[in-house]
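Welcome! Here is a short briefing for anyone meeting this structure for the first time. Please take a look at it before reading on.

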Amino acid sequence: MQVRPLVRVQAEDFDAGAETRRLTSGRTDVGALVTFTGLCRDEAGTLEALELEHYPGMAEAELTRIAEEAVARWPLTGLSVIHRFGKIAPGENIVLVVAASAHRRAAFEAADFLMDFLKTRAPFWKKEHLVSGTGGTWVDTKAGDEKDAARWSPS
Amino acid sequence: MNIRYFAWVRERVGIEEETIEVPGGVKTVADLISHLKTLDDNHAAAFEEEDAIRVALDQLHVETDTDLGDAREVAFFPPMTGG
């Protein structure tokens with residue numbers, strides 16, 4: 001039976017350790033655990049903070065759709081996705097993906113797939129606030145992101 | 001119909017959300033965009049780069065040639081930049 005993914009969209013920080021324990025504690029069938037954490041970087045000292053806007057309701061729904069596709073595609077024993085919104089300072093967490101499986105390949109690939117689709121499909125938008133104080137600027141999409149997501153389509 | 005805007009689309013329109021009466025001739029998302037552009041300068045500016053706008057109908061991604069059907073909520077926003 002397919003596992004039901006855990007999806008959370010929240011302002012507060014998350015604890016990657018606690019989330020990995022949630023997928024492993026009390027079980028002996030998990031042989032591989034891949035954790036990806038996306039953090040806010042300071043862009044060589046120029047960034048004061050990121051502001052993450054999201055579409056409440058759709059953000060959770062879209063992350064759930066992507067996560068359900070991942071559990072349908074790979075034999076996972078657990079999958080968790082947490083995405084934060086609001087103002088996030090350099091060094092702070094933005095997003096967490098934890099994929100657990102009996103074997104490493106499924107866990108690596110599911111986590112990679114999830115991040116690629118999250119970037120192009122989940123309704124979140126980043127605005128950069130610079131140290132220099134010039135108002136906020138919306139982050140542009142990277143051409144590479146669409147290409148990364150396209151890797152998972154059958155050719 | 002309830003319309004929601006996000007990120008720079010929201011900033012250009014100047015509001016987060018509005019409810020509009022959809023005129024009879026408006027069938028698809030593209031028709032709705034054409035109609036919204038006629039409302040005022042802010043809407044016209046928001047939809048100026050139409051190719052840069054993404055659409056969700058009742059919180060599902062759709063293309064602009066999609067029929068509005070019975071959708072209750074349409075959202076317009078730029079390409080996503082989360083993660």
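How many bridges join strand β4 of chain A to strand β6 of chain A? There are seven, and the two strands, residues 76-84 and residues 93-101, run antiparallel. Please keep in mind that this is a predicted model.

- Chain A holds four helices and eight strands.
- Starting at the N terminus, the elements of chain A follow the order β-α-β-β-α-β-β-β-α-β-β-α.
- The C-alpha trace of chain A spans about 50 × 40 × 30 Å along its principal axes.
- Chain A has 155 residues, for which a compact globule would have a radius of gyration near 15 Å; the value for chain A is 16 Å, so the two agree.
- Chain B has three helices and five strands, and along the sequence they form the pattern β-α-β-α-α-β-β-β.
- For chain B, the C-alpha trace spans about 35 × 30 × 20 Å along the principal axes.

**The mixed sheet of chain A**

- This open sheet is built from four strands of chain A in the order β1-β4-β6-β2, and its pairing is mixed.
- At the edges are β1 (6-10) and β2 (32-39) of chain A, each of which pairs on one side only.
- On average, neighbouring strands of this sheet are turned by 5° against each other, direction ignored.
- Within the antiparallel pair of β4 and β6 of chain A, Ile82(A) stands opposite Leu96(A) in β6(A).
- Helix α1 (residues 16-24) of chain A packs on this sheet and touches β2, β4 and β6 of chain A. The direction of α1 makes about 20° with that of β6(A).
- Helix α3(A) also packs on the sheet, touching β2, β4 and β6 of chain A. The direction of α3(A) makes about 150° with that of β6(A).

**The antiparallel sheet of chain A**

- Another open sheet of four strands in chain A has the order β5-β3-β7-β8, with antiparallel pairing.
- Its edges are β5 (86-88) and β8 (137-138) of chain A; each has a single partner strand, so one side of each has no neighbour in the sheet.
- Inside this order, β3 (residues 47-54) and β7 (residues 124-130) of chain A pair in the antiparallel sense over seven bridges.
- In that pairing, Leu47(A) has Leu130(A) of β7(A) as its bridge partner.

**How the helices of chain A pack**

- Two packed helices are described by the angle between their axes and the distance between the axes.
- The axes of α2 (residues 58-73) of chain A and α3(A) cross at roughly 150° and come within 10 Å. Because angles over 145 degrees count as roughly antiparallel, α2(A) is roughly antiparallel to α3(A).
- The crossing of α2(A) past α3(A) is right-handed.
- From α2(A), the residues Glu62(A), Leu63(A), Ile66(A), Ala67(A) and Ala70(A) meet Ala110(A), Phe113(A), Leu114(A), Phe117(A), Leu118(A) and Arg121(A) of α3(A). Sorted by class, this contact has nine nonpolar, no polar and two charged residues.
- Helix α3 (residues 104-121) also packs with helix α4 (residues 143-150) of chain A, at an angle of about 130° and with the axes 9 Å apart. The two helices are therefore oblique to each other.
- Here α3(A) passes α4(A) in a left-handed crossing.
- On the α3(A) side, Asp116(A), Phe117(A), Lys119(A) and Thr120(A) make the contact, and on the α4(A) side, Asp145(A), Glu146(A), Asp148(A) and Ala149(A) do. By class, this contact of α3(A) with α4(A) has two nonpolar, one polar and five charged residues.

**Where the chains meet**

- Chain A gives 21 residues to the contact and chain B gives 14 residues.
- On the side of chain B that touches chain A, the elements giving two or more residues are α1 (7-13) and β5 (73-77) of chain B.
- That side of chain B has nine nonpolar, five polar and no charged residues.

How values were computed: Residues numbered from 1 in each chain as written. Chains lettered and ligands numbered in written order. Predicted model: local features only at pLDDT ≥ 70, side-chain atom pairs only at ≥ 80, totals over all residues. Axes fitted to C-alpha atoms, helices over the stretch in contact; angles between N-to-C directions. Parallel < 35°, antiparallel > 145°, perpendicular 65-115°, else oblique. Left-handed = near helix turned anticlockwise from the far one by under 90°. Contact = placed C-beta atoms within 7 Å. Nonpolar A, V, L, I, M, F, W, Y, C, P; charged D, E, K, R; others polar. Pairing = 2+ DSSP bridges. Rg over C-alpha atoms; globule rule 2.2 N^0.38 Å.
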